[in-house]
Amino acid sequence: MSNQSEHFTLGVEEEYQITDPTTRSLVSRSMQVLPNAQETLGESVQTELQLAQIEIATPVCQTLAEVRQAVVESRRKVIEAAATTGHSITAAGTHPFAHWDEQEVTPKKRYQELLQDYQQLAREQIICGCHVHVGLRDCEAAIPVMNRARVWLTPLLALAANSPFWLGVDTGYASFRTQIWVRWPIAGPPQVFTSRAEYDALVQALVTTGCVEDDTKLYWDIRLPSRIDTIEFRVTDVCATVDEAVMIAGLARALVRTCYEQAIRDESFSAARPELLRAAHWRAARYGLEDKLIDINKEQAIPAHDFIRSFLEFVGPALQANGDLHEVSDLVNETLQRGNGAMRQREVYQRTNNLVDVVDFVVAETRAGI
């Protein structure tokens with residue numbers, strides 16, 4: 001590894017739902033919304049697996065202020081484009097009551113191949129996530145960074161959990177999207193790799209054996225894209241608000257910087273048994289911020305709020321170096337006080353006993369701050 005100057009750039013991808021403002025259910029209208037959205041956002045807005053979804057990608061950003069501006073603009077333009085066709089946009093990991101069997105897979109080669117290969121898993125894939133890319137030009141450091149970061153993914157998952165309802169019922173999970181997603185064969189937290197060569201060899205073996213068509217179909221919660229020099233975090237639901245998207249981006253970058261500096265110093269790290277890692281992710285998806293989370297390094301279950309604060313302390317020096325400490329700390333504390341997206345959705349449902357009101361609330365949260 002080289003101790004070269006790293007800029008730790010940021011890029012954020014968000015997947016949204018397209019809903020009918022009258023029924024509040026999902027509608028397969030991305031092909032109608034996309035042309036209007038691309039008039040202002042260009043190729044940075046695209047279709048997704050389901051026709052009821054649309055995805056945005058920010059430009060490469062240097063600061064959190066740039067991330068905020070890009071997410072605000074993307075949300076605004078997509079919302080405006082949807083409005084011209086009579087539709088609404090919602091940012092939630094799952095829709096509260098729409099059924100998968102009423103949706104249509106996007107008629108593009110990539111998505112039709114996914115449907116052919118994965119069948120029912122693809123049909124039920126009406127879920128939305130947030131992906132954060134953190135730039136890392138030091139390719140030799142990518143694996144040591146990923147090895148260290150993988151045990152700190154659960155705080156991100158718990159903070160951004162935003163999918164409590166599925167097919168009209170309260171699932172009991174903060175992030176039921178995670179439970180749907182983890183059924184895919186190459187999903188969930190990755191294992192430890194001894195080198196980039198070992199990582200690349202595994203990817204090649206998966207492609208050669210036909211397990212995946214190419215490396216873009218590796219769906220680990222954290223991965224190394226082959227076409228760009230980034231660490232990609234794929235663990236969270238799409239964030240309910242712009243503030244939360246900025247928070248997750250800032251935390252992800254700080255985590256990469258912290259782990260990079262540890263790797264440069266050749267500090268030891270927890271390899272973590274895959275069983276413990278998977279159980280920790282399940283617990284974060286199940287309880288979010290409302291119970292205990294598993295501190296993998298200490299092999300202890302501790303109150304979620306305490307674990308989030310220890311995570312903030314762990315990445316604090318990197319947040320400070322990035323100029324993000326006060327903003328991200330304030331956003332984390334606000335989330336701990338208000339609750340994550342899942343908790344806020346449940347509060348609405350407990351007051352009204354009506355999932356239509358939950359959809360209206362999510363539409364409002366998606367627009368907040370834009």
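**Salt bridges and a buried asparagine in a predicted model**

Mentor: In this predicted model, Arg344 and Glu244 form a salt bridge in which the closest N and O atoms are 3.0 Å apart.

Trainee: How many residues apart in sequence are the parts that the pair of Arg344 and Glu244 ties together?

Mentor: Arg344 belongs to helix H13, residues 341-352, whereas Glu244 belongs to helix H9, residues 242-264. Because the two partners sit in these two helices, their pairing ties together parts of the chain whose separation in sequence is 100 residues.

Trainee: Is Arg344 buried or exposed, and what is the relative accessible area of Glu244?

Mentor: Buried means under 20% relative accessible area, and Arg344, at 4% relative accessibility, therefore counts as buried. Glu244 is likewise buried, and its relative accessible area is 4%.

Trainee: Which residue forms a salt bridge with Arg75, and which elements does that pair tie together?

Mentor: The closest N and O atoms of the pair are 2.8 Å apart, and the partner of Arg75 is Glu14. Arg75 lies in helix H2, residues 64-84, and Glu14 in strand S1, residues 10-19, so the pair ties together parts 61 residues apart in sequence, namely helix H2 and strand S1.

Trainee: At what relative accessibility do Arg75 and Glu14 stand?

Mentor: The cut-off for buried is under 20% relative accessible area, so Arg75 counts as buried at 1%. Glu14 also counts as buried, its relative accessibility being 0%.

Trainee: Where do Arg257 and Glu261 lie, and is Glu261 buried or partly exposed?

Mentor: Arg257 and Glu261 form a salt bridge with their closest N and O atoms 3.3 Å apart, and both residues lie in helix H9, four residues apart, which is about one turn of the helix. Glu261 has a relative accessibility of 32%, and at that value Glu261 counts as partly exposed.

Trainee: How many salt bridges does the structure hold, and which residues are linked in a network?

Mentor: The structure holds 22 salt bridges. The residues linked in a network of salt bridges are Lys109, Glu113, Glu213 and Lys217.

Trainee: Where is Asn162 placed, and which backbone oxygens does its side chain reach?

Mentor: Asn162 is in the loop between helix H6 (153-160) and strand S6 (165-166), and at 2% relative accessibility Asn162 counts as buried. Residues that Asn162 touches, not counting those up to four places away in sequence, include Thr94, Asp237, Cys239 and Gln345. A polar atom of the Asn162 side chain lies 3.1 Å from the backbone oxygen of Val238, and the side chain also reaches, at 3.1 Å, the backbone oxygen of Ala91.

Terms used. Residues numbered from 1 in each chain as written. Predicted model: local features only at pLDDT ≥ 70, side-chain atom pairs only at ≥ 80, totals over all residues. Heavy atoms only, no water. Buried < 20%, exposed > 50% of the residue type's maximum accessible area, 1.4 Å probe, protein only. Polar contact = N/O pair within 3.5 Å; in protein donor to acceptor, adjacent residues only side chain to side chain. Contact = heavy atoms within 4.5 Å. Salt bridge = Lys/Arg side-chain N within 4 Å of Asp/Glu carboxyl O.
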